[in-house]
Amino acid sequence: MILLRSHVQTWMQARSLAFSQPVCLWDDGAAGAPHFIEVAGTPGRPLIWVEAEEGDGEHPQVLGNKLAEAVYRTLRVQLFGYGMPWTYGIEVLRSCMDRLGPWVFALSGAQHAPGLARALLTLHDEQNVVILHAPAALPDSVLYRRVTALSAAELAVKPAELRRWLPNGDDLLDLLADCRGQLRPLLVGLARALNLPSPLEPSPEGPRFLSGEAPQVEPHLLLDALTQRERWAEALPLAVRTQPARVPALLTAAGPHFHERGLHHRLHDLLCALPADVAQHEVVLRWLYSASLRAGTARTVLPRVTAYLHLHEAPELRALHAGTTLKLAERYREAERAARSARTPLTLYYYGLATAEERPADALPILRAAVDCAETEGTPHDVVRNAQALAATYTQTGQYVNALHWTVYALRQYDNSRMGDWQRRLAVLNEWAYTSLLGGRLEHLSGTLAEAEAQLATGAPQVYSLFQTTLADHALVSGEPLRALRAVEAARQGQPRTHQGWHSVQLVRVLTELDRPERALSVAEEAFVLTQHEAPTYTRWSTLALGMARAYLTPAAAVPLLEEAMSAFETPLKADTLVRAAAHLAFSHLHLGQEAQARAVMQRVAPLTAELGPSGRLLLGGPAARFQQVWDLLTPPQTLTLHLLGRTDAHWAGQPLKLQPRQLEMLVLLSLNPEGLSGDQFAALLYRDEHVARSSLKAGLSRLRDVIPVASQPYRLLPAVQADYLDVMALVQAGRVADALRRYEGPLLPGSDAPGIAEYRELLQAALRQAVLDHRDPALLSELALKLGDDLEVWELALERMDAGDPRRAVVTSRVRQLRVAYA
C-alpha cells in the first residue's frame with residue numbers, strides 16, 4: 001500500500017496540471033478523491049484539509065471551528081481559535097500566507113459550504129493551492145474563476161496505470177473493469193485478492209474505514225475509546241443515543257468543549273434529547289441552561305431551572321441563574337448563597353460580579369479568590385474568565401495599572417493553554433486596549449488594533465462591534481477625530497434603545513473634538529428622551545451625555561445634570577466615568593467663574609486620576625486646549641500636607657510648620673470634615689470637658705489662623721489638604737490594600753484623647769486591619785502584624801498563610817508563641 005501511495009501521487013499530479021489552477025474533484029465517493037487530496041500536501045507545502053457536512057453552511061461558527069482544527073492539526077500553531085465564523089479564519093490565513101505559507105487548502109463536502117468554497121478559491125495563487133471536492137460540479141456563483149475540474153471518469157485508473165503499479169497483476173484487469181476504474185472499489189478488491197485487511201481511506205482527521213467496511217464495535221467500548229481520546233464532539237452524541245446515564249459524567253469535559261467552540265445550539269439539542277430521569281440531573285441542567293442562554297432559548301429552560309433550585313442548593317446552577325437572569329438585589333443574594341455553599345471558580349466569579357455592581361472595592365478580594373480557585377481547581381477557561389473580571393473591576397475602581405497587568409496575564413494564560421474560545425480572547429484584548437488608553441501605555445497598541453480591525457471587519461461583524469468604541473477611542477487620542485466619528489456611529493447602529501445613552505456619551509465626546517457642539521446637543525437630547533423611563537442603569541448615561549453637551553453651550557444648565565451623573569457613577573463607583581462627569585462639571589463651573597467649586601469637584605475625584613495618562617485625560621475630558629485648565633485644578637498652588645501616622649510632620653506651601661498638639665488636632669478634625677463644622681460640632685469633637693470647650697475653642701482657632709487660613713460659619717480649611725491618614729482610608733476604600741498598608745506608618749496622633757481623633761484613629765486601623773485580613777496575603781499579613789505589634793489574630797493568620805519555606809516563618813512563629821503566653 002505504501003508503493004501504491006507513490007503511484008497514486010504520480011497519477012493524481014498528472015491529472016492536476018501541476019496545480020496551475022484550483023483543482024475541483026467531482027467524485028461521489030468511489031473515484032478516490034480523498035487519496036488525491038492526501039498526496040497533494042508536501043513538507044514544503046503542507047495540507048490544510050476541512051470536511052464540511054450537511055447543515056454546516058447554515059452555521060458559520062461550525063465551519064470556523066473545523067477550519068481552526070485543520071490549521072492546528074497541520075501547523076501545530078493556534079492562528080485562531082473556536083467560536084468564530086469561518087470568514088474570520090480566512091482573513092487570518094490571508095494575512096499570514098506570506099509569512100507562514102505556502103499551503104494546500106482542501107475542502108471536502110464543498111457542496112455543503114459554498115461560501116467557504118468560494119473564499120478558498122481566492123487564496124489560490126502561484127504558491128498556494130486550493131482543492132475542492134464535491135459529488136457534482138458546483139454552480140458558477142461559487143466557481144467564479146477558471147479551475148481544473150476532474151470528473152469521476154477522468155479520475156478513473158487506466159489499465160496501463162494498474163500495470164505500472166502491479167507489473168504482475170494482469171489477472172486484476174477484470175477487477176479493474178468491474179470497478180470501471182474507480183479507485184475505492186479497486187482498493188477493496190485488491191485487499192481481498194491479497195488477503196489483506198479492509199483498506200482505510202484518508203480524511204482530515206486521519207485514516208478511516210470505508211463506508212460499510214468498518215468493524216462493528218459495542219457502543220460502550222466505542223464510547224470508552226472516544227472518551228480516552230477526548231473526542232467529545234463524537235462521544236457526547238453517542239452517549240445521548242446509546243448510554244444516556246453516562247452523559248452527566250461526560251459533561252465535565254464535554255460541556256467546556258462545546259462551549260469553547262460556540263456549539264451552543266448543538267449542545268442544547270443534544271441535552272434536550274435525554275430521557276427525563278437524566279435530564280433532571282444537576283450537571284445536565286446546568287449545561288443545558290448555559291447553552292440555552294447562548295442559543296437564545298433560555299425561556300424554554302428557565303421554568304425547569306427555577307423549579308430545581310426551589311428544591312436543591314445546586315451552587316453552580318444557582319450562580320449561573322443569578323448572574324444571568326435575576327435583578328440586582330436578588331442577584332447578589334443568590335450569588336452570595338451559591339458561593340457560600342461551594343467555592344468554585346464559577347460561583348466566586350458570579351459572586352464577585354454581583355458585588356462589583358454595588359461595591360467594586362469589596363469585589364476585588366472575591367475576584368482574586370476566584371482566580372486563585374480557578375488556578376487550582378478549574379480549567380484554563382475559568383482562569384482567563386475570572387482574571388478578565390478582576391481586571392475589569394480594577395478599571396472600575398480607577399486602578400488602571402493593575403487592570404493592565406491582569407489583562408496581560410489573562411492573554412498569556414489563554415495563549416499558553418491553547419484555548420479555543422476566540423471570542424473570550426477578543427474580549428480580554430479589548431479590555432487590555434481600553435486600559436492601555438486610559439493609562440497612557442500606547443506601545444504596540446496601534447499595530448494590535450489595526451490587525452484585529454482588518455480581520456474582524458470582514459470576518460466577524462458581530463464581534464467587530466465589540467471593538468468599535470475602543471477603535472474610536474484610539475483614533476481620538478491619535479488625532480483622527482473623523483475616523484473616531486465613523487467608528488462610534490458604526491458601533492451605535494442597530495443597538496437597542498436602552499443602550500443609546502451609553503453610545504451617546506462617546507458620540508458627544510467625539511463631536512466636541514470636531515467642534516460640533518450643536519450636533520452633540522442634538523444627539524444627547526435624543527438619547528435623554530429615549531431612555532428617561534428606563535432603569536437608572538440606562539438613564540445615568542444619557543444624563544451624563546446631556547450634561548457634557550450642555551457644558552459647551554449652556555454651562556449653568558449643565559451643572560445639575562453633571563452633579564446628578566457624578567452621584568450616579570460615584571455609588572456604585574465607576575471610576576473612569578465618574579472622572580468624565582467631574583471634568584465636565586469643573587469645566588462648566590470654570591465657565592461660570594466659579595473656580596472654587598471647580599477645584600472642589602476635581603479634588604473630589606483626585607485619587608481616581610492618579611493613574612490616568614495623557615491619553616486617558618484626553619478621552620475623559622474634552623479637547624486638550626480647552627480642558628487643560630480643568631486638569632490643572634488637580635495640582636493646587638498651595639497645599640497643606642500632613643504626615644501624622646506614626647509621626648508629626650506638617651508643611652504649608654512647601655514650608656515646614658511648628659504646631660502645638662492641639663493645633664494638629666484642629667487641623668485633623670477640619671480635614672476630616674471638609675464641608676465645615678459649626679462651633680458646637682467642633683467643640684464636641686475636640687474636647688471631652690464641655691466647660692473647657694467654649695472658652696478654649698475660639699482662642700485656639702485664633703492662634704491657628706495665624707498659621708493656616710481657616711474660614712468661619714462654618715469652620716473649614718481654605719487650602720487643599722493632602723494627608724496620609726486620608727490617603728490610607730481612600731486606598732482601603734478603593735481596594736488597594738497593599739498601597740494602604742505601605743502608607744500606614746502608625747496610629748494617628750496616639751497621644752490625643754480628642755473624641756473625634758480617637759474615633760477616627762480606631763476606625764482607620766480597624767478598616768485597614770479588616771482589609772488585610774480579607775486579602776489573606778501572607779506578606780501583607782506579616783507587615784500588618786509588625787505594624788500593629790500585639791494583635792494575636794493577625795500574627796496567627798500570617799503564620800497560617802505562610803509557606804513552610806518562608807524565611808519569615810521563624811520570627812512569626814516566635815511572636816505567636818510570645819503573645820499566646822502573654823494573653824494566657
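Mentor: Two strands are said to pair if DSSP finds at least two bridges between them. With that in mind, and remembering that this is a predicted model, look at strand E3 (residues 104-108) and strand E4 (residues 129-134), which pair in the parallel sense over five bridges.

Trainee: Which residue in E4 does Leu107 stand opposite?

Mentor: Leu107 stands opposite Leu132 in E4.

Trainee: In what order do the strands of the open sheet lie?

Mentor: Five strands form the open sheet, and they follow the order E2-E3-E4-E1-E5 with parallel pairing. At the edges are strand E2 (47-51) and strand E5 (148-150), each of which pairs on one side only. From one strand to the next, the twist averages 15 degrees.

Trainee: Which strands does helix H2 touch as it packs on the sheet?

Mentor: Helix H2 (residues 33-40) touches strand E1 (23-26) as well as E2, E3 and E4, and its direction makes about 165 degrees with that of E4.

Trainee: What describes two packed helices?

Mentor: Two packed helices are described by the angle between their axes and the distance between the axes. Here, the axes of helix H41 (residues 778-788) and helix H42 (residues 792-801) come within 8 Å and cross at roughly 155 degrees. Angles over 145 degrees count as roughly antiparallel, and H41 and H42 are therefore roughly antiparallel to each other. Their crossing is left-handed.

Trainee: Which residues in H41 and H42 meet?

Mentor: From H41, Pro778, Leu781, Ser782, Leu784, Ala785, Leu786 and Leu788 meet Val794, Trp795, Leu797, Ala798 and Arg801 in H42. Sorted by class, this contact of H41 with H42 has 10 nonpolar, one polar and one charged residues.

Conventions. Residues numbered from 1 in each chain as written. Predicted model: local features only at pLDDT ≥ 70, side-chain atom pairs only at ≥ 80, totals over all residues. Heavy atoms only, no water. Helix = DSSP H or I, 4+ residues; strand = E, 2+ residues; numbered from the N terminus. Axes fitted to C-alpha atoms, helices over the stretch in contact; angles between N-to-C directions. Contact = heavy atoms within 4.5 Å. Parallel < 35°, antiparallel > 145°, perpendicular 65-115°, else oblique. Left-handed = near helix turned anticlockwise from the far one by under 90°. Nonpolar A, V, L, I, M, F, W, Y, C, P; charged D, E, K, R; others polar.
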